[in-house]
Amino acid sequence: MSKEKLSGAELVVRSLEYMNISTIFGLPGGAILPAYDPLYDSPIRHILARHEQGSGHMAEGYAQATGELGVVIATSGPGATNLITPLTNALMDSTPLLAITGQVASEAIGNDAFQEAYTVGLTMAATKHNYLITTAEEIPQVLLEAKHIATTGRPGPVLVDIPKDILNQKVEWIEPKLTEMPGYKPTLEPNPKMISQAAELIKQSKKPILYVGGGIIHSKANQELFELATKFKIPVVTTLMGRGAFPDGNELCFEMPGMHGNYTATTSIQKSDLLIAIGVRFDDRVTANPKFFAQNAKVIHADIDPAEIGKIREPEVPIVGDAKSVITGLIEKLADTDLNTSDWLDELNQMKKEYPLSYDQEEKGPLKVPFVLEELQKLADDDAIVVSGVGQHQMWISQHWNFTSPNTWLNSGGLGTMGYSLPAAIGAKAAYPDRQILALDGDGCFQMTCQELITASTENIPIKIVVFNNGNHGMVRQWQKIFYKNRFSASELTHHTPDYVALAESMGATGLRMIEKSDVKKVFEKMLEIDDKPVLVECIVDPEDMVFPMVPAGGSNDVVILNEDDLKKL
Amino acid sequence: MSERILSVLVEDKPGVLARVASTISRRGFNINSLAVGPTNIEGRSKMTIVTELESVEQVKKQLNKLINVIKIVELDPDNTIESEVLLLKVSINKDTQTSVIEKASLSGAKSVDVGQDYAVFEMTGSSKDLDKLENLLKPFGIIEMIRGGRIAIQTKL
Ligand SMILES: Cc1ncc(C[n+]2csc(CCOP(=O)(O)OP(=O)(O)O)c2C)c(N)n1
Ligand SMILES: [Mg+2]
């Protein structure tokens, strides 16, 4: 008896089901249409975005909230090119993503056919790997491989481009099996010799600091990190991507270092004699000018991606491996070492007392973002997920929100993609319908992808959006104040257009507004009460407020600008 | 700065050269030569990349991240045989013909086509020897020259 034949399109859908994918995000079009037909009958939930960039960020939000693969599907040409931003974003932040794109028919490829784009070429530098399918038989195998590549080692986006004729080709389903890939064997287990050397350095150190980032979250190593830090009393700083990897509020947590990090976190690294860097990449937003970064410190650098080690800073002890195994190894090796870091911790705590993060909310004055955030956190659930845009508000959230567990802070760290927040929040809510998902966005960012509010309403995804309306590309304005003599070239939006409340209502959401200090609590209470549709709160905030501390790009972390007066130091 | 030679074993799949080239250009690596061709192993090609970069470790690591790159070996210059092929077309006339052909053959080049006013030479050798040939024939007027890129193999097992 001959086996049943399926179309390439049916193979795509069956493969997704086979890989236990429950939710995908996308937008149809000519070349991918064959795949949308079997999707119509599939138990897989398809969420129809209003723009492919939105669908890509939704898949990212889904992946970043869950730690699992996010899937996005788009058509050829403009559908695929619209995915380039989220793909690059996912590459920079190591988010596991599978993008499936339609392509023009095999024989039309190369002829500038209607809606043809060289997707594999265009996304080569925007993906961890990509494929052009040439026969329908290989679809299940390639999709399984793509998932494997996206989710293992250093996670990242993988794109699979499928010509339309192949989606229509009828072949038998061949059960896919992961076979060895000769060129892809991520190193998970660290070299024990390196672990011993690292432990030796730690034992000799008087001022160690754990500098940790997104790698901890990808590796689900937060518990191990907690044990390492608390058992040996090592202070911790968490990068923008690593917020939540170690709980804020813990006496060892000094939170975020870097360009807009707090003074103590940034300075702790400068004063440290040993950086224990795990799952971080010495990003310039952390190091400022690397020449001046942690000049007194030896460095242990552990990462799953060997290319990160020595890229910016040559470590004394390089460790290639998964963060969880690395940390477990270190805990074992250190055994019952008594590190005695109490002088060091005293020094840091003294600093923290002297240079706290601060803001000034006047009773009758305009609202300040940090104040509003603190009020919101008092009312929000402990396991709420916060999804940010890019700009001043993002830095304030990272500074002032207390993150106590991993995957509760989603943001675009590496690429700094405006427009990420709202769609990523939709993705997170699709993954966790019962949790509070808070899209805390800037007005500039919101305007980049606000049409996805329609997606949230129509797909019944009741996220909460706070638009911090300072009437400006605030971060740009801040730089223009500091570096361009107050010449506000093209950074002004307006406080009044659009009417955010009306816009929200027109898109099927509830719109609320807060202007004064006395509004904040009651408006947020109302926002949190509404659970049957998306709610948008317009929060009108001070356009003149600036984010401090600040270390200017390319500067030295030894010179932290603490406030406006301090700008004279520049 | 001394040269470093990378011998890169890759899967023989469409787009592999583009991926390697894209990585090299995206990361801003300068290279002197890149040659690619089949190997004795089915489905595997070899690329030989010559660079003067101090950051050759970064080149290796970034290329290693490519899924289709299987293995990268940096060749030890003391135990490496290098070779490159060259085709060179030079002007000749009645007066110069003999001396051009003599000079070229003394350098190790083979004349593969001689016309009334041109001669084509082929040569394989180290890139330095090829440079020498080029300089030697330059005064006669080189019409066209093509070099195949440097390939290299380790001498010991
Ligand atoms: C897609 C994109 N374009 C431009 C920028 C540059 N940029 C960084 S922050 C910013 C302003 C963001 O404005 P808003 O969302 O209002 O946030 P605010 O800084 O006011 O809090 C701009 C334009 C960017 N990061 N991303
Ligand atoms: Mg703004």
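Visitor: What should I know before we start?
Guide: This is a predicted model, where local features need pLDDT of at least 70, side-chain atom pairs count only at pLDDT 80 or more, and totals for chains, interfaces and linings use all residues. Residues are numbered from 1 along each chain as its sequence is written, chains are lettered from A and ligands numbered from 1 in the order in which they are written, and side-chain values use heavy atoms, with hydrogens and water left out.

Visitor: OK, rings. How many aromatic pairs are there over all chains?
Guide: The count comes to 10. Rings of Phe, Tyr and Trp (its six-membered ring) pair if their centres lie within 6.5 Å; planes under 30 degrees apart count as stacked, over 60 as edge-to-face and the rest as tilted. One such pair is Y211(A) with F293(A), which is edge-to-face, with 6.2 Å centre to centre and 65° between the planes.

Visitor: Where do those two sit in the chain?
Guide: Y211(A) is in strand β9 (residues 208-212) of chain A, while F293(A) is in the loop between α13 (284-287) and β12 (298-303) of chain A, so the pair links distant parts of the chain, 82 residues apart. The helices (H or I, at least four residues) and strands (E, at least two) are DSSP runs, numbered from the N terminus.

Visitor: Are Y211(A) and F293(A) buried or exposed?
Guide: Both Y211(A) and F293(A) are buried. Buried means under 20% relative accessible area, exposed over 50%, and partly exposed in between (1.4 Å probe, protein chains only). Together with F282(A), these two rings form one aromatic cluster.

Visitor: Why is the pair of F403(A) and W409(A) called tilted?
Guide: Their ring centres are 5.1 Å apart and their planes are at 45°, so the pair counts as tilted. F403(A) is buried at 1% relative accessibility, and W409(A) is buried at 7%.

Visitor: What else does R14(A) do? Which side chain does it meet in a salt bridge?
Guide: R14(A) meets E4(A), at 3.8 Å from N to O. R14(A) lies in helix α1 (residues 8-18) of chain A and E4(A) in the segment before β1 (5-7) of chain A, 10 residues apart. R14(A) is partly exposed at 32%, and E4(A) is exposed at 53%.

Visitor: How many salt bridges does the structure hold over all chains?
Guide: There are 36 of them, a salt bridge being a side-chain nitrogen of Lys or Arg within 4 Å of a carboxyl oxygen of Asp or Glu. One joins K481(A) and E544(A), with the closest N and O atoms 2.7 Å apart. K481(A) lies in helix α21 of chain A and E544(A) in the segment after β19 of chain A, so this pair ties together parts that are 63 residues apart in sequence.

Visitor: And chain B?
Guide: E11(B) and K13(B) form a salt bridge at 3.6 Å, N to O. There is also a network of salt bridges linking R154(A), D305(A), E308(A), K311(A) and K65(B).

Visitor: Last one, the backbone. Where is the cis bond to P498(A)?
Guide: The cis peptide bond runs from T497(A) to P498(A), with omega near 0°. Another cis bond joins F548(A) and P549(A), with omega about -5°.
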